[in-house]
Amino acid sequence: MVQPYKHEPLTDFTVEANRKAFEEALTKVEAELGKDYPLIIGGERVTTDEKIVSINPANKTEVIGRVSKANKELAEKAMKVADEAFKWWSKTKPEARADILFRAAAIVRRRKHEFSALMVKEAGKPWKEADADTAEAIDFMEYYARQMLKLKDGIPVESRPGETNRFFYIPLGVGVVISPWNFPFAIMAGTTVASLVTGNTVLLKPASATPVVAYKFAEVLEEAGLPAGVLNYIPGSGSEVGDYLVDHPRTRFISFTGSRDVGIRIYERAAKVHPGQIWLKRVIAEMGGKDAIVVDKEADLELAAQSIVASAFGFSGQKCSACSRAIVVEDVYDQVLNRVVELTKQLKVGDPAEQSTFMGPVIDQSAYNKIMEYIEIGKQEGRLMTGGEGDDSKGFFIQPTVIADVDPNARIMQEEIFGPVVAFAKAKDFDHALEIANNTEYGLTGAVISRNRANLEKAREEFHVGNLYFNRGCTGAIVGYQPFGGFNMSGTDSKAGGPDYLILHMQAKTVSEMF
Ligand SMILES: NC(=O)c1ccc[n+]([C@@H]2O[C@H](COP(=O)([O-])OP(=O)(O)OC[C@H]3O[C@@H](n4cnc5c(N)ncnc54)[C@H](O)[C@@H]3O)[C@@H](O)[C@H]2O)c1
Ligand SMILES: N[C@@H](CCC=O)C(=O)O
């Protein structure tokens, strides 16, 4: 009997034993740095001459691993293997597939700190952020396994005398899973296992900045009993391997998480029917955000400031859910702004391997350059209150930055920066604040800090985001509790970690029998 789902608790690092265990995990990970990792195609380890070199963004000279890089030929080989494996994997019992996820979750739980420590090194995540990422990966496995058990017999439909009708779900085919670096474990694992547990086979192309954690996860699934060929691990260039697989006539669906521009490219390319293709590809896309926290005049202003700071600067603002806009009603604007500046100045920026670090580096040189350019734009568009400086001599460090008095149509109020930068805009009243909040092409997360019930109810109706939070920050959705995903240019309106997510990976079949 399966226990009811409960999310994985986060680690309390004030407990000495937990702190020590995490330090030991860091030491273990450090001892393994610089190793070579092959591709996995049909269970076979394939080594290529060309490598993706994964580095520590906090220390550019530290190599996390050298990972073999797939090209079109190897992607084609992996496609053939996955296509063949689909024939029998799609017929395995849903219970057996769910059991693999339960076992994999148990394996990861036992090695929890090791995975988190690897993300400290490979993604520059501070301890707490890495711990939350691993917990979320466990949650996805536990939750989707249970969801599959609920869906396995389909949903009852009506029948008439002399007729029996059945309605149930069958898998789609080969899925291409393309994941981002910012939740290198949770999102990579969640999108992979959702595809697998529903009976599909998978070609996993992880982000090039974080391929090692994905390799370790592929190993866990093997250990949990996933047969060879069902999951194929093929890191490679997005434009080479990504385009090739998106265009491939045997690709049945694409599960993509990443930026708006790449998402649009995939959506467009997937729509084209290629010779030999006998279906319309499905695209599940989770894209960017330009998320806002709205502060009402009747509000707990300390809560507002704390929520803005945590949501704007957690993991250096590199979350699609990050608060990059603070929209504050004019009556309390100065108070909230000043308190946010005060709290921001207290944040410790540094090596994420140190427990006391709140904010580590940004992911790489191109992210660093892009964010610093946005800070320059922000200085023209508003008033720099704190931060604004960067240092890429050792790692890619940028100070948490607050820019005040920004026009709602300014670039830093419209474009996703994906770094530790928050813009403040002043609203005349609550209605105006909601109008500003909705004034972007995205619609991912948002929060409202208010004690006014009528205003909260208005926001419930009118704040057009996939994840709306009241009296808390706008990051940190929990699998099964706050299904996650946005509207408009934030994606295809799907909800990861929600009750209808697995259905996106299947097709419904109706069988009607007369007797
Ligand atoms: N909505 C969500 O749930 C969610 C979650 C996490 C991240 N994101 C978004 O992801 C972005 C940050 O992640 P990123 O920098 O890794 O995004 P990205 O779009 O640069 O890359 C995402 C993935 O797409 C691959 N890719 C690149 N070009 C491709 C192509 N032509 N064809 C196929 N694949 C290709 C990359 O190699 C990577 O694996 C941000 O915009 C963030 O908001 C969204
Ligand atoms: N699900 C995460 C964000 C994922 C995107 O980066 C959150 O809710 O903060």
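**Close-up views of two ligand sites**

**View 1. Asparagine 182 reaches ligand 2 in this predicted model.** A polar side-chain atom of asparagine 182 is placed 2.8 Å from an oxygen atom of ligand 2, a polar contact (a pair of N or O atoms within 3.5 Å). On its own, ligand 2 exposes 290 Å², and the protein buries 95% of that (Shrake-Rupley method, 1.4 Å probe).

**View 2. The residues around ligand 2.** Asn182, Phe183, Lys319, Cys320, Ser321, Thr475, Gly476, Ala477 and Phe484 surround ligand 2 (a heavy atom within 4 Å). By class, this shell holds four nonpolar, four polar and one charged residues, with Gly counted as polar and Cys as nonpolar.

**View 3. Polar contacts of ligand 1.** Have a look at serine 179 to begin with: one of its polar backbone atoms is 2.8 Å from an oxygen atom of ligand 1.

**View 4. The shell around ligand 1.** Here 28 residues surround ligand 1, the closest being Ser179, Trp181, Ser259, Met287 and Glu416. Helix H8 (238–247), strand E10 (251–257) and helix H9 (260–271) are the elements that give two or more residues to this shell, and H8 gives the most, with four (DSSP runs, helices of at least four residues and strands of at least two). Sorted by class, the shell has 14 nonpolar, nine polar and five charged residues. Domain 1 (38–287 + 493–514) and domain 2 (292–470) each supply at least three residues, with bounds from an automatic or database domain assignment.

**Notes.** Residues are numbered from 1 along each chain as its sequence is written, and chains are lettered from A and ligands numbered from 1 in the order in which they are written. In this predicted model, local features need pLDDT of at least 70, side-chain atom pairs count only at pLDDT 80 or more, and totals for chains, interfaces and linings use all residues; side-chain values use heavy atoms, leaving out hydrogens and water.

Conventions: A polar contact is a pair of N or O atoms within 3.5 Å; within protein, one must be able to donate a hydrogen and the other to accept it, and residues adjacent in sequence count only if both atoms are side-chain atoms.
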